[in-house]
Amino acid sequence: MTIRSALRAEARRRDEADPLTKYAREYITDGAIHLNGNSLGPPRASLTGALDRVVSDQWAPRQVQGWFREGWLDLPRTIGDKLATLLGAAPGQVVVAGETTSTTLFNALIAACRLRPTRPVLLIEAESFPTDLYIAASVARLLDRELIVRSRDGFDAYLARHGARVAAALAAPVDFRTGARRDIGPTTARCQAAGALSVWDLSHAAGVLPVDLDAHQVDLAIGCGYKYLGGGPGAPAYLYVPARLQPLLDLPLTGWHGHARMFAMTAEFEPAPGIDRARTGTPPVLSLIALDHALDPLVEVGIEALHRRGRELGEFFLECLAERAPDLAGRLASPRDPDRRGGHLALRIPEAEPVEAALAAAGVHVDSRPPDLIRLAFAPLYVTHEQVWHAVDALDHAVKGAR
């Protein structure tokens, strides 16, 4: 048996031995291999039925009474509590209000700066996702704060030297390009030692990496619902606010669903107690139902098992790559140590865009990021070891064809 054949046999053995493999049958993949779950993964096959039940059995017969008789009004909080189990948060500290990730981050950053009104600096990592940089810059202009943008190491150095000037510091536990990890605990501790608020963007970590928000005493966190969480295109974002900060939070977007007496229709805003004060307008029920449906198997499995499976898939990919295309293995842009990576890894390939297109034509979905990165994500519940083996073959062919 060749090494290549032995690796395929090993892939099948691992899939058969791992109880999480069975979940892959629940997702609609049409035979494709989805290694882009850090952007948008496939839906579960039962989603259509779940949505149809809401439309046919709730919306159609109940109409407006559905808000009260079907629990629609409670969805932002009930889904938030479900998501909290993946984030290491106690109930009552996460809300899925139905807003975009950008809007939710804007809300969080303004609120954080308002909690430190005399501090002039908003700090952010230069490697942050572009939207985070754009929103932070807008918040700084709006509040007349100084935006300090520093590289990964410079971010920590600035906190150490000038932390007393920082109102809020925004970072992510996973670099969206390379997958490199930033430890939440030590960074949050640096912020708190300086009296600054820590704000985390969990978009590339939630659902694949333990983040332990309560244990690390994180101040605020946000994230999207459409990456590893699988909530579908444009799925609503979530906001984490620990109970200790909720009474103090002064959010800039104050909609009627965040009012203490929602249906009193008073002229002045009175914030609701607890996490409900972070709600804004009428929640998008169908989008929330899709996210709720996507979370079920993730919660059933648990974040530790999800992380274990994703890590093993990534390591098996590198093992196969080293055997099949050692020159490509040498182009790894991510940390080699799996403890220093999130759920995806990246390769530096000059022909990244045509390689992405060739892989898509071969039924392997990845994504590229300029100038030369191919990102491959190992979502735990719909990617298998045998698919990883096939993907390495397809990648080798695509790179050779692009040269």
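Where does L229 lie in this predicted model? L229 sits in the loop between β7 (220-223) and β8 (238-240).

**Figure 1**
Who are the neighbours of L229? Setting aside residues within four places in sequence, L229 is in contact with L83, L86, A206, G207, C224, Y238, L291, A294, L295 and L298. Take L83 as one example. Along the chain, L229 and L83 are 146 residues apart, yet their C-alpha atoms are separated by 9.0 Å.

**Figure 1. Seven strands make an open sheet.**
The strand order is β2-β8-β7-β6-β5-β3-β4, and the pairing is mixed. At the edges stand β2 (94-95) and β4 (146-150), each pairing on one side only. β2 and β8 pair in the antiparallel sense, over two bridges. There, V95 has L239 in β8 as its bridge partner. Helix α7 (residues 152-162) packs on the sheet and touches β3 (121-125), β4 and β5 (166-171). The direction of α7 makes about 155° with that of β3.

**Figure 2. Strand β7 pairs with β6 and with β8.**
β6 and β7 run parallel and are joined by three bridges. W200 has its bridge partner, A221, in β7. Three bridges also link β7 to β8, but here the sense is antiparallel. In this pairing, A221 stands opposite Y240 in β8. In a regular strand the side chains alternate between the two faces of the sheet. Now look along β7. L220 and I222 point one way, while A221 and G223 point the other way. Are these β7 residues buried or exposed? All four are buried.

**Figure 3. Helix α5 is mostly covered.**
How many of the 15 residues of α5 are buried? The count is 12. They are T101, T104, L105, F106, N107, A108, L109, I110, A111, A112, C113 and L115. What covers the buried residues of α5? The cover includes β3, α6 (130-143), β5, β6 (197-201), β7 and β8. The length of helix α5 (residues 101-115) can be checked too. At 1.5 Å a residue, its 15 residues should span 21 Å. The end C-alpha atoms of α5 are 21 Å apart, which agrees.

**Figure 4. Three strands form an open antiparallel sheet.**
The order is β9-β12-β11. β9 (344-348) and β11 (367-369) stand at the edges. Each has a single partner strand, so one side of each is left without a neighbour in the sheet. On average, neighbouring strands of this sheet are turned by 30° against each other, direction ignored. β11 and β12 pair over three bridges in the antiparallel sense. S368 finds its bridge partner, I374, in β12.

A pair of aromatic rings is described by the distance of the centres and the angle of the planes. Take Y27 and Y382: their ring centres are 5.2 Å apart and their planes lie at 55°, so the pair is tilted. Y27 is in the loop between α1 (3-17) and β1 (33-34), and Y382 is in the loop between β12 (373-377) and α13 (385-402). The pair therefore ties together parts that are 355 residues apart in sequence. Both Y27 and Y382 are buried.

F317 and F378 form another tilted pair, at 5.5 Å centre to centre and 50° between the planes. F317 belongs to helix α10 (residues 303-324), and F378 lies in the loop between β12 and α13, so this pair ties together parts that are 61 residues apart in sequence. F317 and F378 are buried as well. Elsewhere, ring pairs link F68, W256 and F263 into a cluster.

**Figure 5. T384 lies in the loop between β12 and α13.**
Is T384 buried or exposed? At 12% relative accessibility, T384 counts as buried. The side chain of T384 reaches the backbone nitrogen of Q387 at 3.1 Å. Which residues touch T384, leaving aside neighbours within four places in sequence? The contacts are D15, T21, A24, R309 and L313.

Note on methods: Residues are numbered from 1 along each chain as its sequence is written. This is a predicted model: local features need pLDDT of at least 70, side-chain atom pairs count only at pLDDT 80 or more; totals for chains, interfaces and linings use all residues. Side-chain values use heavy atoms; hydrogens and water are left out. Rings of Phe, Tyr and Trp (its six-membered ring) pair if their centres lie within 6.5 Å; planes under 30 degrees apart count as stacked, over 60 as edge-to-face and the rest as tilted. Buried means under 20% relative accessible area, exposed over 50%, partly exposed in between (1.4 Å probe, protein chains only). Two strands pair if DSSP finds at least two bridges between them. Axes are lines fitted to C-alpha atoms, for helices over the stretch in contact, and angles run from 0 to 180 degrees between N-to-C directions. Contact means heavy atoms within 4.5 Å. A polar contact is a pair of N or O atoms within 3.5 Å; within protein, one must be able to donate a hydrogen and the other to accept it, and residues adjacent in sequence count only if both atoms are side-chain atoms. The expected span of a helix is 1.5 Å times one less than its number of residues.
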